[in-house]
Amino acid sequence: MADKMHLKLTINGEQFETLCEPRELLIHVLRERFNITGPHIGCETSHCGACTVDLDGKSVKACTLFAAQAQGATITTVEGLASPEGMHVLQEMFREHHGLQCGYCTPGMITRAWRLLQENPDPTEEEVRFGMAGNLCRCTGYQNIIKAILAAAAIMNGRDAAADDAVKTPEEVA
Ligand code: FES
Ligand code: FES
């Protein structure tokens with residue numbers, strides 16, 4: 001058995017430490033050692049995005065990153081997006097626009113959308129579709145997810161989300 005390493009992370013503003021083996025994946029350390037279960041395990045092959053977390057300002061798939069590679073990093077998960085005042089506007093808009101059904105993809109979707117809106121605060125619909133391409137949903141058909149993200153962007157830019165409500169079909173975007 002390999003020597004254990006002393007892993008230190010800042011997650012959602014709190015310090016976490018553990019001894020882990022170099023082979024352990026970040027998603028397993030988050031969920032099983034720290035009980036941070038917002039990021040889900042789907043494909044474990046970097047395809048579905050259910051495990052998406054934010055690591056030092058980038059969206060990453062925690063199922064294909066060794067925890068050791070995150071040593072010293074600052075991580076945000078879906079649990080870290082709400083504030084004492086309430087849910088994040090993205091969370092509100094996913095609820096408002098029914099951007100989920102089973103909810104399995106939702107923590108990864110919202111965490112990725114949160115970073116996307118920091119990279120591009122007022123994206124077009126096409127830019128949202130492109131920016132979210134690494135996150136798969138087997139339930140919704142994506143329309144309401146895109147609508148929710150655009151509505152959140154509109155609100156964050158001081159516009160009336162209802163006025164921005166028309167989302168095209170993928171065929172219309174193409
Ligand atoms: S579980 Fe990580 S991308 Fe699917
Ligand atoms: S809501 Fe079920 S996988 Fe997206």
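**Strand 1 and its partners**

I started with threonine 10 and looked up its bridge partner in strand 5: it is threonine 74. This is a predicted model, so I read every entry here as computed. Strand 5 covers residues 74-76 and runs parallel to strand 1, with two bridges joining them.

Next I checked the other pairing of strand 1. Strand 2, residues 14-20, runs antiparallel to strand 1, and seven bridges join the two. I looked up histidine 6 as well; its bridge partner in strand 2 is leucine 19.

Is strand 1 mostly covered or mostly open? I found it mostly covered: five of its seven residues, in the run 5-11, are buried.

**Domains**

I then turned to the domain assignment. It gives domain 1 as 5-80 and domain 2 as 89-167. How far apart are the centres of domain 1 and domain 2? Taken over C-alpha atoms, I get 23 Å. The contact takes 18 residues from domain 1 and 13 residues from domain 2.

**Helix 3**

I checked the length of helix 3. Its 14 residues reach 20 Å from first C-alpha to last, close to the 20 Å expected at 1.5 Å a residue. I noted that helix 3 is mostly covered, with 12 of its 14 residues buried. Among the buried residues are Met109, Ile110, Trp114 and Leu117, and also Arg112 and Arg115. What covers them? I listed strand 3 (52-55), strand 4 (58-61), strand 5, helix 2, helix 4 and helix 5 as part of the cover.

**Helix 5**

I ran the length check on helix 5, residues 143-156. At 1.5 Å a residue, its 14 residues should span 20 Å, and the end C-alpha atoms are 20 Å apart, so the two agree. The buried residues of helix 5 include Ile145, Ile146, Ile149 and Leu150, along with Ala151, Ala152, Ala153 and Ala154. I looked for what they pack against and found helix 2 (89-96), helix 3 (106-119) and helix 4 (125-131). Just after helix 5, I noted glycine 158, which takes a positive phi of about 80°.

**Nonpolar cores**

In soluble globular proteins, nonpolar side chains tend to be buried together. I looked for such groups here. The largest nonpolar core has 26 residues. Leu90, Phe94, Met109, Val128, Met132 and Ile149 touch the most other members. Helix 2, helix 3 and helix 5 each supply at least two residues of this core. Which helix gives the most? I found helix 5, with nine residues.

Leaving aside neighbours within four places in sequence, leucine 90 is in contact with Ile110, Ala113, Trp114, Leu117, Ile149 and Ala152. There is also a second, separate core of 23 residues, and I noted Ile11, Leu55, Val60 and Cys63 among its members.

**Cysteines**

I ended with the cysteines. How many disulfides does the structure hold? I count zero. Is cysteine 48 buried or exposed? Its relative accessible area is 15%, so cysteine 48 is buried, the cut-off being under 20%. Cysteine 63 has 5% relative accessibility and therefore counts as buried too.

Terms used:
Residues numbered from 1 in each chain as written. Chains lettered and ligands numbered in written order. Predicted model: local features only at pLDDT ≥ 70, side-chain atom pairs only at ≥ 80, totals over all residues. Heavy atoms only, no water. Buried < 20%, exposed > 50% of the residue type's maximum accessible area, 1.4 Å probe, protein only. Helix = DSSP H or I, 4+ residues; strand = E, 2+ residues; numbered from the N terminus. Pairing = 2+ DSSP bridges. Expected span 1.5 Å × (residues − 1). Contact = heavy atoms within 4.5 Å. Disulfide = S-S within 2.5 Å. Core = buried A, V, L, I, M, F, W, Y, C linked by side-chain atoms within 4.5 Å. Domains from an automatic or database assignment.
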